[in-house]
Amino acid sequence: MRRFILLLLAVLFLVGCSNPLTQKVNTKDKPASPAVSQSQTENLKVHFLDVGQGDSILVQFPNGKNMLVDAGANESASTIINYLNSNGIKKLDYLVGTHPHEDHIGSLDAVINHFEIGEVLMPKATTNTKTFRDVLAAIKNKRLRATTAKAGVSVISDGNLSVDILGPCGDTYESLNNYSAVIKIKYGDVAFLLTGDAEALSEQEILAAGADVRAQVLKVGHHGSESSTSAEFLKAVNSEYAVISVGAGNDYHHPHQVTLNKLRKAGIKVLRTDQIGTIVFSTDGRNIYR
Amino acid sequence: MFIVDRFEGDWAVVEYNKRMIFNLPRFLVPAGAKEGDVIIISVKVDTGITKKLNTEVSKMASDLFQD
């Protein structure tokens, strides 16, 4: 009976979750014409900013475009803006708020107000905090519109560079964490998986949908909380590095020992922003440098 | 206005007015409260018990002082 229920659940997931490869929403990112394409020696750079307890990830694409995934807590605005300025960022071509919790969208309004913004991507989830209302107001004031971040959305598909959203697969969750946009960035043979605060439920749905989650670098879900990084998901991602974006001495005991044990047993190199500050990876599509 | 931003383990993370964020022990939040809920926090000073404790503690302390 139990096996039957599991099978039924698996079938439901397969039906309920769109295939990530079937849907192409974004038409703005057509492959660049040879005249404007950048030098192939350009690297993809992924910066995991040290914003204390929260997430903020800057991605610099080889084609010169930039993406920011999350903008830390309310108090991180100057940290993030200074970091982007010092890296010569003028425009964020893609701005993602993975889910509407304060430790991910806290400084999103400040970022929107300070930089030129291309496309805004957020899951279809709302909350009532002033923090979130201020984000909505900032988007509106700049006359921007948001695109729904959900499984199957292709953000970039440009030769050997792709950015795909693998989750959320569903549209109704009890925990806002599970609405987290789960983003896979692939350049050549090298992939990064950014999971926001997606919990085991969303991880299972993504696996059930048959998404290719393999990545050399995994941004560990929910600051290393035991709510995330389920054994099957970790095995499927099969990463070389695990990045944990977390504040030193946080009240929530993140990262949890259970998660650290799983990562250690899997032989994954763990890098933590509370221990080493901002973490930067660079790749030419074959090798990873940091 | 107090709004529940999220729950983290034993804490409810609460946003107050102009985006001040603080942790409230989860056991102080009604069981059915959800993320995004506006909550009413009311704190009262219990003058009766405070008076009683003041007397008890003064007595305990005065027994220890030798001058």
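Which residues does Asp5(B) touch, not counting residues up to four places away in sequence? In this predicted model, the list is Pro100(A), His101(A), Glu102(A), Thr129(A), Val13(B), Val14(B) and Glu35(B). A touch, or contact, means heavy atoms within 4.5 Å.

## Ground rules

This is a predicted model: local features need pLDDT of at least 70, side-chain atom pairs count only at pLDDT 80 or more, and totals for chains, interfaces and linings use all residues. Residues are numbered from 1 along each chain as its sequence is written, chains are lettered from A and ligands numbered from 1 in the order in which they are written, and side-chain values use heavy atoms, with hydrogens and water left out.

## Asp5(B)

Asp5(B) sits in strand β1 of chain B. Strands are DSSP E runs of at least two residues, helices are H or I runs of at least four, and both are numbered from the N terminus. Asp5(B) counts as buried because its relative accessibility is 0%. Buried means under 20% relative accessible area, exposed over 50%, and partly exposed in between (1.4 Å probe, protein chains only).

## Where the chains meet

Chain B brings 15 residues to the contact, and chain A brings 21 residues. Together they bury about 1500 Å². Carbon and sulfur atoms give 41% of that area. Buried area is the accessible area (1.4 Å probe) that two parts lose on being put together, summed over both. Arg6(B), Glu8(B) and Arg19(B) supply 40% of what chain B buries against chain A, more than any other three residues.

Four salt bridges link chain B and chain A. Each is a side-chain nitrogen of Lys or Arg within 4 Å of a carboxyl oxygen of Asp or Glu. One joins Asp134(A) and Arg19(B) at 2.8 Å, N to O.

On chain B, β1 (2–8), β2 (11–16) and β3 (20–25) each supply at least two residues of the side that touches chain A. β1(B) gives the largest share, five residues.

## The sheet of chain B

Four strands of chain B form an open sheet in the order β3-β2-β1-β4, with antiparallel pairing. Two strands pair if DSSP finds at least two bridges between them. β3 and β4 (38–39) of chain B stand at the edges, each with a single partner strand, so one side of each has no neighbour in the sheet. Six bridges join β1(B) to β2(B). Within this pairing, Ile3(B) has Glu15(B) in β2(B) as its bridge partner.

## Inside chain A

His99(A) lies in the loop between β4 (91–96) and α3 (102–105) of chain A. His99(A) is buried, with a relative accessible area of 1%. Its side chain makes a polar contact of 3.3 Å with that of Asn177(A). His99(A) also touches other residues, including Asp70(A), His104(A) and Asp197(A).

Strand β8 (residues 161–167) of chain A is mostly covered, with six of its seven residues buried. β8(A) pairs antiparallel with β7 (residues 154–158) of chain A over four bridges. Their hairpin has two residues between the strands, and Gly159(A) there takes a positive phi near 65 degrees. Six bridges join β8(A) to β9 (residues 182–187) of chain A, again antiparallel. Ser162(A) has Lys186(A) in β9(A) as its bridge partner.

Technical notes. Polar contact = N/O pair within 3.5 Å; in protein donor to acceptor, adjacent residues only side chain to side chain.
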